Amino acid sequence: MQRRRWITAAVAVGILATGCTSGNGPDDPSATETAAGSSLPPADTVVADLVAGLNAFDVTTLPVTDPTAAQAELETVFVGMDGITPTVTAGSIEYSDSDETARAKLTFEYPVGVDGWTYESVAPLELAAKEWKIEWTPTIIHPQLTSDSRMRHLRKLPKRAAINDNAGLALVEERTLFQVGIDKSQVPEAEWAAAAAQLASLLEVDPVQFQAKVAAGGPKQFVVARTMTQEEITPDVGKVNGAQVLPTTAMVPVSDTFAASLLGTVGTPTPEMLADPKADAFASETVGLSGLQSRYEKRLRGAPEVRIDLVGRTTDADATFEEQNLFLQDASIGSPLQLSLDRELQTKAETVLSTQPGLAALVVIRNGDGALLAAANSPTAGTFPQATYGKFAPGSTFKVVSSLAMLRSGLTPGSTVQCPNSLVVGAKTFGNYSDYPSSKIGAITLTEAVANSCNTVFAGAAATITPEQLHDAAGSLGVGTDYDAGFTSNFGTVQPNNSPIDRAASMIGQGQITMSPMGMAAVAASVASGKTTIPWLVDGTQVTPTAPPLTAEEATQLQALMTAVVTDGSGRSLAGLMTGAKTGTAEYGTVGAYKTHGWMIAWNEGVSVAAFVEDGVSGSQSAAPLITALFS
């Protein structure tokens, strides 16, 4: 056998040979250029075409003996790869002058596993009639492939990690459930309807709907009536003709409603996820679609077992298939989320709101560390996280923030302020609520202004409080600054413009001021604990406040102001349950047809709470009863 002498020349992806005269390519017989160190013409162009064809998954235009057969073999090799194709790049080319052949090195990179899979192969070339041809062979795709083998991708997700409450018990976890239904292949067609009706009756599902579902399925289809726990399945199910029980897995929450807007949902990937390589999702898998399940998808899911095997037919008489592993990534179990949610308190908050008409929310935060113990919505909210992400005018509850700005301007809780019946600012007249006590009109203390919620005191103070000062005061109480708290959260907007009317409106929690119930609970918790308190939900995601901190004197003054609301003001109904509070009423909607938000924020030795009713009468009449019900 003649020994070949190989001469190597480097080639980059898609780069054609340079130095050609116009009209002559490197494979043109009239070209005088040769590969470096060789008398043969460069093969750069044909290699570049091969790389482009492999990347496009189309080799029908390449210079091979039978392009159609080559394309069919390419597709056969990848039929078991679940749509996963490589990115191919070219390396060096080795030339053999003695028999006018060449070998082009190729690198294949697959987007599988955590770090991907990369290997090299060689594409054989031969010079025929002064033109380079590709000797098509499966080894171009992988060195170990043959015409009787193909590659197969297998992927298996580990058990999805749980989301736990503050006691370490699962709020939602993957469990084995059982699909109960009718296997139509085991029942004569004439008996489908009767079997469906009998099973529906046992499982307490609508018999008419299930009969229709069975009738619409294929002749051998297993039609699911209900997915149940093993304990829920009675022995009578086995007596139904064609009834089958098949195991399946599902993420099972404490209840369908428990913190649903926070925990989120799982399901099959959306088309957008399937089209995004970074999502690393397959149509048959379960992924997080919303809430914490989506945000912490990779952490909860863990890393799947991924393997690519070479599956080929043996040459023995049995012609059996054998497997050879080419790539393996072991599964890595996900990590559970440890939440701050208190199961009993969250459940009670949801129960309190279960009969509440319209939109309402309750949020409870632990003083000191800001742990979010409960964030519940009324049924009207659906799955939107209004408790933590809603955007509403906070009304007079925001006067706690305004009070801090006024204290920083030189006032004290005992300072005398003026509370007229009405106050004109520009073209806007500000007044107090209809049953504001007449004894608190005129010269009163700041404490009395907060306790009885005098609007004109705070609207008038806007003349001396700048938007920047109000924003800084809000930041010191945990709101007005956008933090990434690790869950769907809104810390409010405190950006009043410089118009006198908007500055006055902002001082009473209207105008450009918006807050979530969670944000206002953070205000109460900051006062109660004497330090800026940022709520957290997922352990390990606590954030550090960036606003100017509260001083000890400021905290003591604010505590005194809020305590007066319970002892002498509009929060008297909470006496015995709460130490400090602030009511709030905020108008919203169209001029002449305003509706009213009802707010109440409060704190005691251990926790702070915010209650919000979108369409209420007032804070004391609409929101305070929710707090009473929660803590009674």
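Residues are numbered from 1 along each chain as its sequence is written, and side-chain values use heavy atoms, with hydrogens and water left out. In this predicted model, local features need pLDDT of at least 70 and side-chain atom pairs count only at pLDDT 80 or more, while totals for chains, interfaces and linings use all residues.

**Exercise 1. Find how far helix α1 reaches from its first C-alpha to its last, and state which of its residues are buried.**

Step 1. Helices (H or I, at least four residues) and strands (E, at least two) are DSSP runs, numbered from the N terminus. Helix α1 covers residues 44-55, twelve in number.

Step 2. The expected span of a helix is 1.5 Å times one less than its number of residues. For α1 this expectation is 16 Å, and the helix reaches 16 Å.

Step 3. Buried means under 20% relative accessible area, exposed over 50%, and partly exposed in between (1.4 Å probe, protein chains only). Nine of the twelve residues of α1 are buried: D44, T45, V46, V47, A48, L50, V51, G53 and L54.

Step 4. These buried residues pack against α2 (67-77) and the strands β2 (87-96), β3 (101-110), β4 (117-128) and β5 (131-134); contact means heavy atoms within 4.5 Å.

Step 5. After α1 comes F57, with a positive phi near 60 degrees.

**Exercise 2. Locate the disulfide of the structure and give its handedness.**

Step 1. A disulfide is a pair of cysteine sulfur atoms within 2.5 Å. Searching the whole structure gives one.

Step 2. The partners are C419 and C454, with 2.0 Å between their sulfur atoms.

Step 3. The torsion about their S-S bond is about 105 degrees, so the disulfide is right-handed.

Step 4. The link joins distant parts of the chain, 35 residues apart: C419 belongs to strand β18 (residues 416-419), and C454 to the loop between α12 (446-452) and α13 (455-461).

Step 5. C419 has a relative accessible area of 0% and is buried. C454 is also at 0% and counts as buried.

**Exercise 3. Describe how helix α11 packs against α17 and against α14.**

Step 1. Axes are lines fitted to C-alpha atoms, for helices over the stretch in contact, and angles run from 0 to 180 degrees between N-to-C directions. The axes of α11 (residues 399-408) and α17 (residues 552-568) come within 10 Å and cross at roughly 135 degrees.

Step 2. Angles under 35 degrees count as roughly parallel, over 145 as roughly antiparallel, 65 to 115 as roughly perpendicular and the rest as oblique. α11 and α17 are therefore oblique to each other.

Step 3. A crossing is left-handed if the near helix is turned anticlockwise from the far one by less than a right angle, and right-handed if clockwise. The crossing of α11 and α17 is right-handed.

Step 4. On the α11 side of this pair are V400, S403, L404, L407 and R408; on the α17 side are E554, Q557, L558, L561 and M562.

Step 5. With α14 (residues 467-476), α11 makes an angle of about 115 degrees, the axes being 8 Å apart. The crossing of α11 and α14 is right-handed. The contact involves V401, S402, L404, A405 and R408 of α11, and Q469, L470, D472, A473, A474 and S476 of α14.

**Exercise 4. State whether S476 is buried or exposed, and list what S476 touches.**

Step 1. S476 sits in helix α14.

Step 2. Its relative accessible area is 0%, so S476 is buried.

Step 3. Leaving aside residues up to four places away in sequence, S476 touches L404, R408, S526, T532, A547, P548, P549 and L550.
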